[in-house]
Amino acid sequence: MTAPKPNYTYQVGASLPVDAPSYVRRQADTAFLQKLKAGKFCYVLNSRQMGKSSLRVRTMQQLQAEGIVCAAIDLTGIGKHRVTLEQWYGGIVYALVESCQLEDTFDWQEWWQQHQTLLSPVQCLSQFIEKVLLVEIEQPIVIFVDEIDRVLSQDFSLDDFFALIRYFQNQRVDNPKFDRLTFALLGVATPSDLMSDKTQTPFNIGEGIELHGFQPDETEPLIKGLRGKVQSPNVVMQEILDWTGGQPFLTQKLCQLVVEESERANSISVEQVVHSRIVENWESQDDPEHLRTIRDRILRDEQRSGYLLELSRQILSTGEIAADNSTEQSELKLSGLVVQRQGKLRVYNRIYQAVFDLNWIERQLKSLRPYSEAFQAWIASGSTDESRLLRGKALQDAQEWSQDKSLSYQDKQFLAASKEKDIEEEIAAKEIEARLEREKKDKEAAVQRTQVLAEANRKSKRRVRIGSAVLVSTFIGAVISGIVIGRGLVRARLEAKNLSELSDLSGELHQGGLSDEADEARRQIGLSYEIENPRLKQALLLSSMASAAQKLENWQDAERAIQECIKELEAGGGIGST
């Protein structure tokens, strides 16, 4: 075996130096370089540790070799806490002055102080680029803005910054000097994340650079480091890719770990290295940090983490799901856990599958949901085991916890089913309580029924206002409570007509959101079957119809029903008519 050069090292974490022997050229390298040389506004937006900064360093070196001036702005250096809008734009100007080596010929601080008294910060930046940068530098200029997602954590909107980039692109039509100015943005975000004002976005006129993992035909620089260390370096390299999926950070790290084990004379397989050096006790072995970055990205937003975990579980359980570019799917892709290929979302690699497995997801969900155990049992029953639904205080706590959270469909279904069951049981308890109360009042009503009927007959001799319908219904209810139930002939046709109308009114009440009134109407229908006196039966139905029509504001129908009810009472001659 031919040993690699003594200074050969794999780069695990951070940007690779320009001369790093393990740098892997990908399709993105060619596309990024060619588009920037052509003056195209480009953006590279992807998850962390995919090689974005290394790509920037290598591309800058190649552009500079061709006489193009490159300025690098790392927004991490400007800061995010207690930074004012003026300080942020001032930091951009300073970074440009330093990158373009203008500090010896240009007093930027004096210039900035003079201009910011008259112009807004974004106008100052615009004037600096147009009146200073493009004047002092005659060559083409490419401005790289790295860690662009840092704008998301600022306390102020930076839509004007992106609008300024679009302005420079549009100015090329009228002012040829802007042809020499090109921007490239890199970071962990989506275009929609970066701008709240979608009408000013420059991304719809830019070129997105797809940054994929290492492919087998691109890994020769990595294979060189394995030669002299392992038997069959090409085979070992393929085994490494089988575990990492070509993810740049993990691929470099696993190559380094395999070499370390070889140097210790440990004859172990790539799989054994993966489990012993990466997967087992991964949180303590994750150095430089990589897996914890993915974990923290998924769990950082309590309002959304439940949905992301459910989405991850669905992908792990089924192998893949259709990509729909939803906010949640985009966020999961930016965590690095999943990757989109051929319109499907899949877990990026086998290492992630081993670390962020179903057991890990369940533990995280259990720590998030206050009802995890009941929820899982309900799901396992096919959403049929009502004994697992929440009630009372447990349901109230779960509903409070769910406020402002992005819940999965199954979570929403579980809470809705729990609420529905809780209401049903509450109604049943109230019905039992009401029945007991009615029985108590029935005994009292038996003593008072004669006085009640006398009062009802007196009221029937004058025109009854619509509002009296509820009172008449109460009287009749009290009377009915004292009647001995029996069987007799009834006026079937009229009874059927009134029953049908009252049933229809009950349906209208329910559709109108008057559930309690609808239930009362149905209860009166049931009660009517227990009355022997045909006139009193009709009076009950008519009074209930009048009450229901009043609730629906059908005043004419209510007036008609109450008048017919009075006629029945008058014709009946009192309770003694059976």
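1. Glu260, Glu261, Arg264 and Arg277 are joined in a network of salt bridges. A salt bridge here is a side-chain nitrogen of Lys or Arg within 4 Å of a carboxyl oxygen of Asp or Glu. The structure contains 27 salt bridges. Side chains of opposite charge can pair when their charged atoms come close.

2. On the basis of the note: this is a predicted model, in which local features need pLDDT of at least 70 and side-chain atom pairs count only at pLDDT 80 or more, while totals for chains, interfaces and linings use all residues. Residues are numbered from 1 along each chain as its sequence is written, and side-chain values use heavy atoms, with hydrogens and water left out.

3. Arg297 and Glu331 form a salt bridge through their side chains, at 3.1 Å from N to O. This pair links distant parts of the chain, 34 residues apart: Arg297 belongs to helix H13 (residues 291-299) and Glu331 to helix H15 (residues 327-335). Helices (H or I, at least four residues) and strands (E, at least two) are DSSP runs, numbered from the N terminus. Arg297 counts as buried, at 12% relative accessibility, and Glu331 is buried with a relative accessible area of 9%. Buried means under 20% relative accessible area, exposed over 50%, and partly exposed in between (1.4 Å probe, protein chains only).

4. Glu386 and Lys421 form a salt bridge, with their closest N and O atoms 2.9 Å apart. Glu386 lies in the loop between helix H18 (372-380) and helix H19 (392-402), and Lys421 in helix H20 (residues 409-459), so the pair ties together parts that are 35 residues apart in sequence. Glu386 is partly exposed, at 41% relative accessible area, whereas Lys421 counts as buried, at 18%.

5. In the salt bridge between Lys393 and Asp397, the closest N and O atoms are 2.9 Å apart. Because these residues are four residues apart in helix H19, about one helical turn separates Lys393 from Asp397. Lys393 counts as exposed, at 55% relative accessibility; Asp397 is partly exposed, at 30%.

6. Two strands pair if DSSP finds at least two bridges between them. Strand E8 (residues 344-347) and E7 pair in the antiparallel sense over four bridges, and Lys344 in E8 is the bridge partner of Arg341.
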